[in-house]
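Dear colleague,

Please find below the structure I promised to hand over. My notes on what was found in it follow directly after.

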Amino acid sequence: MKKRLSVMMVCVWVLLLTGCKAKEEEYRDEDVTANENTAGQEMEGEGKPVSEGAPETEANEAGVPERESGHTSLVVYFSWSGNTKQVANVIANQTGADVFEIVPNEAYIEDYDALLDIAAQEKESGARPAISGSIEDIAQYDVIYVGYPNWWGDMPMIMYTFFDSYDLSGKTVAPFCTSGGSGLSNTVSSIKELEPDANVLDGLHIGSSSASNPGDAVSDWLSSIAEERNIDGNAGTKHMESNTMKITAGDTAFTALLADNSSAEALKELLTEKPLTISMSDYAGMEKVGTIGTDLPRNDEQTTTEAGDIILYQGNSLVIYYGTNSWNFTRIGKIEDVTGEELLDAFGDGDVTVTFSLE
């Protein structure tokens with residue numbers, strides 16, 4: 001009789017422990033408040049890892065995507081538990097985008113409660129955790145899908161490291177976020193502040209409980225932002241009617257008046273599709289020159305350049321002059337009322353990344 005009673009008590013005890021553990025994991029998929037002293041500050045935990053679903057795009061050990069020819073979009077994401085990773089893979093599968101996972105140099109602790117404290121400390125100090133690996137040529141991508149969990153009503157600070165490291169000017173940025181329940185918070189606004197010259201679209205939020213099967217939500221979101229991009233794209237007609245071009249290097253932007261010839265018209269048509277970002281180098285102490293990756297019609301004529309002249313060289317390179325030169329060139333446009341010294345200050349010595357776009 002005593003033996004039977006002991007067995008029954010052990011069974012009841014096991015059931016109680018199992019129920020408590022399940023309840024604990026359930027809570028970790030929802031909003032978590034660290035303690036009473038941080039009331040109102042919630043960290044949106046990704047919760048426990050979900051089972052793998054969508055296959056991943058192959059990446060090398062450094063995290064650099066193995067790019068297939070023709071891809072013009074990239075999924076960049078950071079994931080602690082696996083939920084954001086799951087959504088990132090679905091987006092990649094539905095768009096054919098390449099994938100780059102943001103991996104911290106120093107891995108985050110696996111203990112959820114300890115992670116709460118670490119994330120709060122990083123946010124308070126404005127930390128910029130180092131990222132392992134890098135994207136070798138982000139200029140090749142037109143659309144960047146950026147994913148992250150919502151930690152304490154914000155992006156994890158390692159995402160700020162990413163935005164500090166890459167200039168997304170002229171690109172379309174589509175944010176997506178996983179959390180227990182508080183959505184995107186103000187993260188989209190933060191991205192707009194970090195990348196003021198990018199086209200930042202409406203973001204997607206996936207709750208922790210839906211992260212294992214986000215296919216329909218992702219499809220609906222991709223359709224909605226495609227419509228949003230088309231609405232923005234309707235400005236192309238106005239762009240073609242415009243006769244000015246914006247030239248951006250770092251934090252400095254110039255406006256150029258375009259020439260009246262077929263070369264300038266072809267460049268306008270190219271820029272209507274998307275801004276053109278190229279690397280430009282010094283030449284002969286009087287110009288910056290960079291190839292544009294395509295050929296434009298030439299209208300060469302004897303030309304003596306001055307500061308601010310924009311020249312098409314050999315049909316496939318753009319040149320910004322801050323000095324004088326005489327040769328048979330195709331004039332593309334001119335930055336008005338600028339001195340050579342002002343251009344040198346803006347573009348600096350050596351190589352510089354310059355973006356050309358329509359006003």
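Phe329 is buried, with a relative accessible area of 4%; buried here means under 20% relative accessible area, exposed over 50% and partly exposed in between, with a 1.4 Å probe and protein chains only. Tyr321, at 2% relative accessibility, counts as buried too.

The model is a predicted one, in which local features need pLDDT of at least 70 and side-chain atom pairs count only at pLDDT 80 or more, while totals for chains, interfaces and linings use all residues. Residues are numbered from 1 along each chain as its sequence is written, and side-chain values use heavy atoms, with hydrogens and water left out.

Aromatic pairs. Rings of Phe, Tyr and Trp (its six-membered ring) pair if their centres lie within 6.5 Å; planes under 30 degrees apart count as stacked, over 60 as edge-to-face and the rest as tilted. The count by this rule is ten aromatic pairs. One of them joins Phe162 and Phe163 edge-to-face, at 5.1 Å centre to centre and 65° between the planes. Tyr321 and Phe329 form a tilted pair, with 5.9 Å between centres and 50° between the planes. Phe78, Tyr108 and Trp151 form one aromatic cluster.

The chain as a whole. The protein chain has nine helices and 19 strands, taken as DSSP runs (helices H or I, at least four residues; strands E, at least two) and numbered from the N terminus. Of its 359 residues, 46% are buried.

Helix α4. Seven of the nine residues of α4 (residues 157-165) are buried, so this helix is largely enclosed by the rest of the structure. Phe162 and Phe163 are among the buried residues of α4, as are Met157 and Tyr160. The cover over the buried residues of α4 includes β3 (73-77), β7 (143-149) and α5 (187-194), where contact means heavy atoms within 4.5 Å.

Strand β3. Five of the five residues of β3 are buried, so β3 is likewise largely enclosed by the rest of the structure. Ser73, Val75 and Tyr77 lie on one side and Leu74 and Val76 on the other, and both faces are covered. Strand β3 pairs with β7 in the parallel sense over five bridges; two strands pair if DSSP finds at least two bridges between them. Leu74 has Ile144 as its bridge partner in β7. Four bridges join β3 to β4 (residues 98-101), and these two run parallel, with Tyr77 opposite Glu101. The chain passes from β3 through helix α2 (residues 83-95) to β4 in a right-handed β-α-β crossover, meaning that, with the strands pointing away from the viewer, the path from the first strand over the helix to the second runs clockwise.

With kind regards
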